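Dear colleague,

I am handing over the structure below, and after it you will find some notes on what turned up. Please read them alongside the coordinates.

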Amino acid sequence: MDGTLTSRGTSSVPPGAASQAARLDAEPFRPGLLGWVVPLLVTLLAAALRLPGLGHPHQLIFDETYYAKDAYALLIAGHELVWPEGADDAWLAGDPQPTEEAAYVVHPPLGKWLIALGLQGLGAETAAGWRISAAVAGTLSVLLVSLIAQRMFRSVLLGGAAGVLTAVDGHHLVMSRVALLDIFLMLFVLAAFGALLADRYRGRRRLAAVDPDAPLLWRPWRLLAGVLLGAAAAVKLSGLAFLAVFGIVVVLWDLQARRAGGARRWGLAGLRDAGVAVVTVLPVAALTYLASWAGWLRSGTGWGRLWHESHPAEGLAALVPGPVRSLWQYHLMSTDFHTGLDAGHDYASTPWTWLFMGRPVSFHYESFDPGEAGCQVERCSSAILDLANPVIWWAGLIALVLVIALWLGRRDWRFGAILSGYVAGFAVWLLFPGRTMFFFYTIAYHPFLILSLVAVGAIVLRAGTDPQRFAAEEVRANRRRNTVVILSFLLLATAVSIFFLPVWTGELIDYEQWRLRMWLPSWV
């Protein structure tokens with residue numbers, strides 16, 4: 001899928017293994033200097049959109065009231081604490097005063113520890129302090145998605161397109177500017193996906209150079225993916241869905257690699273690879289997850305921390321350390337909470353509505369009369385609406401349908417890899433139809449929506465460029481045309497983002513201008 005700004009490097013496998021490398025899709029890709037310059041420029045664009053004005057509004061918006069204060073409690077106690085009535089006012093006045101009573105919370109601590117890093121660096125007296133970590137995570141994810149798309153589709157142009165679409169999308173922008181947990185979940189999932197891709201390419205290059213039945217035991221990228229997936233689960237337990245789905249994908253990749261490589265017993269060899277992954281990656285993920293609870297485990301005051309003392313173990317359970325038994329009991333209660341959560345909420349939505357962005361979440365809204373907060377018209381509004389760029393989101397839905405069709409028709413592994421992100425990030429929620437859910441959960445699979453668009457873009461980019469069917473001049477003309485189509489879509493998406501930017505960043509605008517951006521009644 002070479003296209004504009006695309007280059008192929010020379011093979012690093014032995015000459016006799018060149019055909020084997022091609023058969024295994026193990027040919028190296030070296031895009032040169034542009035392969036770093038373009039993603040880094042796109043990342044700078046993302047930072048320029050995410051970092052300025054993080055302190056506005058100086059309020060605890062939506063679930064920041066939980067996570068920012070939990071992060072502060074982690075810094076001083078190592079676990080979450082109960083906050084007294086009126087704690088938000090004291091917090092905003094720069095005088096946070098939690099009680100000494102341990103609090104029961106349902107989400108693991110890693111995301112809150114990351115928010116705590118921002119509080120440690122910038123302080124709790126500014127909203128930028130509790131939001132900076134999310135902004136950094138969102139910015140890093142733009143770099144990652146650009147590099148991943150570039151490698152998957154062997155095109156610097158398409159990698160840059162993936163980065164631009166992520167950088168300017170409102171859903172990603174808003175989630176990068178609020179102190180919620182989901183942006184960290186997305187970052188770890190995306191990084192794990194990238195690590196598994198690197199493992200796929202590295203493993204196949206090694207397989208191309210050796211006996212296709214030979215074991216491949218040392219898989220450092222796969223171990224890194226285990227750490228990252230453990231970290232994803234340590235932010236939100238929904239990260240376990242990605243661990244399970246990506247695990248299945250890796251097994252299928254291994255089986256296909258052995259078969260394509262000509263292994264005599266490809267099924268047995270592939271299952272052996274899967275067994276090695278299970279006994280190495282899963283423990284690494286589990287230990288990473290357990291490490292995120294270090295503050296709670298080291299304390300003697302965390303909620304439920306001493307449960308084991310009043311519930312002596314019997315039989316084999318006595319071999320498990322008491323604090324770990326207490327943590328297990330904590331998780332049993334947390335699981336009951338998550339599966340039984342059905343409280344009503346004005347901005348709750350079902351997964352089927354997420355596909356077309358039927359009910360985005362309003363994180364913040366204020367209305368001002370003339371003279372208030374600089375309002376110079378009859379009525380002003382300041383809003384932060386978790387609304388995706390409609391062009392990107394709705395085109396992404398079309399791209400998803402096309403990717404499903406292409407995967408069924410061509411069995412291209414890239415389409416299957418993209419769909420795995422949708423299965424883990426979207427389809428898993430269909431198993432809990434009665435649970436209270438929100439549109440912002442979709443940020444976990446947002447990178448795969450972007451990759452769906454890029455997959456379609458890759459097909460557009462190479463249309464009419466087959467040198468066996470078209471003359472050289474026609475190929476060059478078609479490549480220019482295709483590049484213009486890709487760039488035109490990027491310009492359209494960027495223009496729409498500029499239009500919606502005020503309702504993503506809380507800018508003070510005329511009320512009628514706010515209404516002009518509410519295209520559907522369910523967006524209000």
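Predicted model: local features only at pLDDT ≥ 70, side-chain atom pairs only at ≥ 80, totals over all residues.

A residue is called buried under 20% relative accessible area, exposed over 50% and partly exposed in between, with a 1.4 Å probe and protein chains only. By that rule Ala 373, with a relative accessible area of 57%, is exposed, and this residue has a positive phi of about 55° although it is not a glycine.

Residues are numbered from 1 along each chain as its sequence is written, and side-chain values use heavy atoms, leaving out hydrogens and water. The average pLDDT of the protein is 92, and 95% of the residues score at least 70.

Turning to the backbone, most residues other than glycine have a negative phi, and most peptide bonds are trans.

As for the rings, the whole structure holds 39 aromatic pairs, where rings of Phe, Tyr and Trp (its six-membered ring) pair if their centres lie within 6.5 Å, and planes under 30 degrees apart count as stacked, over 60 as edge-to-face and the rest as tilted. Tyr 72 and Trp 83 form a tilted pair, because their planes stand at 55°, with the ring centres 6.0 Å apart. Trp 83 is buried, at a relative accessible area of 14%.

Best regards

Technical notes
pLDDT = per-residue confidence, 0-100.
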